[in-house]
Amino acid sequence: MDPILSVLHLQKIYGGRGSRTRALSDLSFDVAPGEFVGIMGASGSGKTTLLNCVSTIDRPTAGSIIIAGEDITALRGRALSRFRRERLGFIFQDCNLLDTLTAFENIALALTILKAPAGEIEDRVQKAAGLLGLDRVLDKYPYQLSGGECQRVAAARAIITKPALILADEPTGALDSKSARMLLTQLAQLNRETGATILMVTHDAFTASWCHRILFIRDGTLHQVLRRENMDRRAFFARILGVVGQMEGDGADVL
Amino acid sequence: MFCKLAARNVKRSIRDYSVYFLTLTFGVCIFYTFNSLDAQPAMRYLQSTNAGMVGAILQLMDILSVFVAVVLGCLILYANTFLMRRRKRELGLYLMLGLPQSKVSLLLILETLLIGVLALVTGLALGQFLAQGLSALTLTMFDLRLDELQFVFSTRAIGKTCLYFGVIFLVVMAFTGLQISRTKLIDLIRGARKNEEMRQIPLGAAVALFLLGLALVGTAYAMLLIRGLLRVDDLFWLMLAMGTAGTLLIFRSLSGFLLRLAKSHKALYYKGLNMFVLRQFSSRVHTTYLSMTVICLLLLLAIGITACSVGMNDTIGQLTEQSAPYDFTIQNYGGDVNPMDLPGLLEKEGFSAGQSLQGTVDCFLYYNDSAVTGISEDESGAALSLSDYNALMELQGKEELVLDGGNLPRLSETPFCTGSCGFERYVVVPDDMTPSLSVRRQVWSGYYAGDKQDTENALQAAMKELNSDESGMLKLETRLDIYIETMGSKVLVLFVGLYAGMVFLVAAAAVLALQQLTQATDNIPRYRILARLGVEARMRDRSVLSQVALSFFLPLSLAVVHAVVGMKAANAVISQVGRVDSVRNSIITALLLLAVYGTYFLATYWGSRRIVRGNS
């Protein structure tokens, strides 16, 4: 199967003459359709830069990013906005819901800006909300929702447009462990049942243990890849901790 | 170094300052224009003939200017507070970097000074143009044509404007300095934190409130139209209260009502960002409905005052025509016992009636006696013979009013002399009836030959001499006199109306603009989310435009409706003395309104768009 996301020799250099910071250097990887991929790394490793490049918020210095057959580094202006709203779905750490809209309207907004026919909006919102167990909270405003519910509303908003790729940036970062577990269970279920492709950035090993495959990034390059295969989640969690520990140990050697 | 930082700050945030700057500039401009009246050619002309009236106008303008300065001062303080709030973090940073508070205060004072001087210069320059326009307007009102173009330039007004606004700036600077020296760093750093809590009334209640508001306003309208404008009693205040309360309720519930309406039209509600715009609007309404009501009422005042003063003006103009059909009228109150040969007497004083006058009619006014005429003395106390009446009408060039002698005696209302004769109506009687009536006074009317102003001066001089001989039994009234008199009140009404109307308008628009800009700042994160979701810049701009347009044009449209109804009632009052020329004054009002309000609208839209685009 063709990969849904191909990152080829990606480079990102910040700053101009005199002070150059290499955030990403020659990073390449593929994500297959229906995969649930995690990206891990310490802060400053370049994982956020990578996500910003893939989500078209930032532009790479060199290399290409191909999503569903389209090279997004070649897109400009309106085509970029269009690509972002039609092909990508986002879940952010601070859920980024509009506080003036109800949960229902927040989810529906993703459809209305796609100019979806008004008649089918309510059905589609109900369905997406059902998948994430949100039926009871649809009429509430974000300030009336718990952190976990907010994140699930954001997830529903991300999947409702049937994007090629869902990008999640530390989705459990602001959640307590119970809500985090519930959100991840539902994301994994979403991935299983609808075949949604998810790329998730996290620094938390527990969160990462729900993924199929984890890319460890260090100093802007791909450091190691870990596959879950048929391991159960506990075992996978232990392996992840092992890699994280090893990477931190390497760092200590430098000292 | 410090001045450089201040100058750079102003340059960088010139668009943040735009509404502040606009308000200052408009304020200076209006203030200068209405204080430079003394330099207008029309006013100088008026002064040469009627100095008392000009003095009264200028004095009233002076008093009004104090009031205007206070309003503008408060407005500028409000705008300044808004700017400060927007720059809290920047100021906090200066303090955190170790700049002493006194220096930060100094920095802000310098910035205020810079903006103030800039606005003063721009406003005065703009004021020059506006003053020319106003001068041209007064000149056309007087039907004066000047041989050469006279430039209106009043050093007195410039000095006064500088003085008043200097004081305002000083107060603002003192206030700014005080504010900085008393704030705590923690508050400045946390300046961006918002404590807006969401409170919304249920949709059903909103609809009910909206209908109640409509009913209240409707009742107030009905009362106004039925009772008229000028019956000031308890019911009048009740009417005002109901109108205000209705307006308040309409604004309080409008967003909920619109939301309800839109929600039942799914194609509309689920189209683009409509949902977002409506929700945005209704989430703000509990903080804005009060100011929207105040703004609506201010706009109503601005529209009403401007329109009525322009309309009144035309009415007064028509009155002059009516009350002065001849160039002059001399009434001899001693005519019953001592009829005079007025031309002969004037000749003795050096005024040649034969050469200087043309088309004169000398006649007697009689006491009306109901026993003779059959018309009650309550109806009218004066009578004219048919031939005198017809001669007078012919002199006026009103052939169609000449009577053929049938149907007499009868009442007439057509003015038969220039100035006041003391009667609204008089009886026209057949010539053969006059011997049985007693003479009331002698009336001599006519037109000037040759240059009107010269003849007027000569006649006035001669009459003064004559009257001192005849112990004041003669009264001369001339068209030019009456003209100047009515013109004076005309100008007074127009100036006061325009001045007050424009200040109210600027106040309303500035408050609205500042509120919108504050909201735009609060909206930055929301628009950032929209951008992340892939909403194009164009679509976001349109959403900003709808939000600003909603808040600008909702109060305006209700104010226009109020004003239309109010002017209908006012018309009923004014039509007793004349009629408001509604088309012309509506257009003038609309243009003035559009220019000022439109400028604020655009400045606010651009400002909000820039704030929202900022760093998304």
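Modeller: A salt bridge is defined here as a side-chain nitrogen of Lys or Arg within 4 Å of a carboxyl oxygen of Asp or Glu. The model is predicted, so local features need pLDDT of at least 70 and side-chain atom pairs count only at pLDDT 80 or more, while totals for chains, interfaces and linings use all residues. Residues are numbered from 1 along each chain as its sequence is written, chains are lettered from A in the order in which they are written, and side-chain values use heavy atoms, without hydrogens and water.

Biologist: What makes the contact of A:Glu35 and A:Arg213 a salt bridge?

Modeller: Their side chains meet at 2.9 Å, N to O, and the rule asks for a distance within 4 Å; therefore the pair qualifies. A:Glu35 lies in the loop between strands E2 (21-31) and E3 (36-40) of chain A, and A:Arg213 in strand E9 (residues 213-218), 178 residues apart. Helices (H or I, at least four residues) and strands (E, at least two) are DSSP runs, numbered from the N terminus.

Biologist: How many salt bridges are counted over all chains?

Modeller: The count is eleven.

Biologist: Why is the salt bridge of A:Arg85 and B:Glu536 said to join two chains?

Modeller: The two side chains meet at 3.1 Å, N to O. A:Arg85 belongs to helix H2 (residues 77-87) of chain A, whereas B:Glu536 sits in the loop between helices H18 (479-532) and H19 (537-574) of chain B, so the pair joins two chains.

Biologist: Why is A:Arg85 called buried?

Modeller: Buried means under 20% relative accessible area, exposed over 50%, and partly exposed in between (1.4 Å probe, protein chains only). A:Arg85 has 8%, so the residue is buried. B:Glu536, at 10%, therefore counts as buried as well.

Biologist: How do you know which class B:Arg613 and B:Asp541 fall into?

Modeller: These two residues form a salt bridge of 2.5 Å, N to O, which links helix H20 (residues 582-613) and helix H19 of chain B across 72 residues. B:Arg613 is at 40% relative accessibility, so this residue counts as partly exposed; B:Asp541 is at 12% and therefore counts as buried.

Biologist: Why is B:Lys271 called exposed?

Modeller: Its relative accessibility is 54%, so B:Lys271 counts as exposed. This lysine is placed in the loop between helices H11 (266-269) and H12 (274-323) of chain B.

Biologist: What makes strand E6 of chain A covered on both faces?

Modeller: In a regular strand, side chains alternate between the two faces of the sheet. In E6 (residues 88-91), A:Leu88 and A:Phe90 on one side and A:Gly89 and A:Ile91 on the other are all buried.
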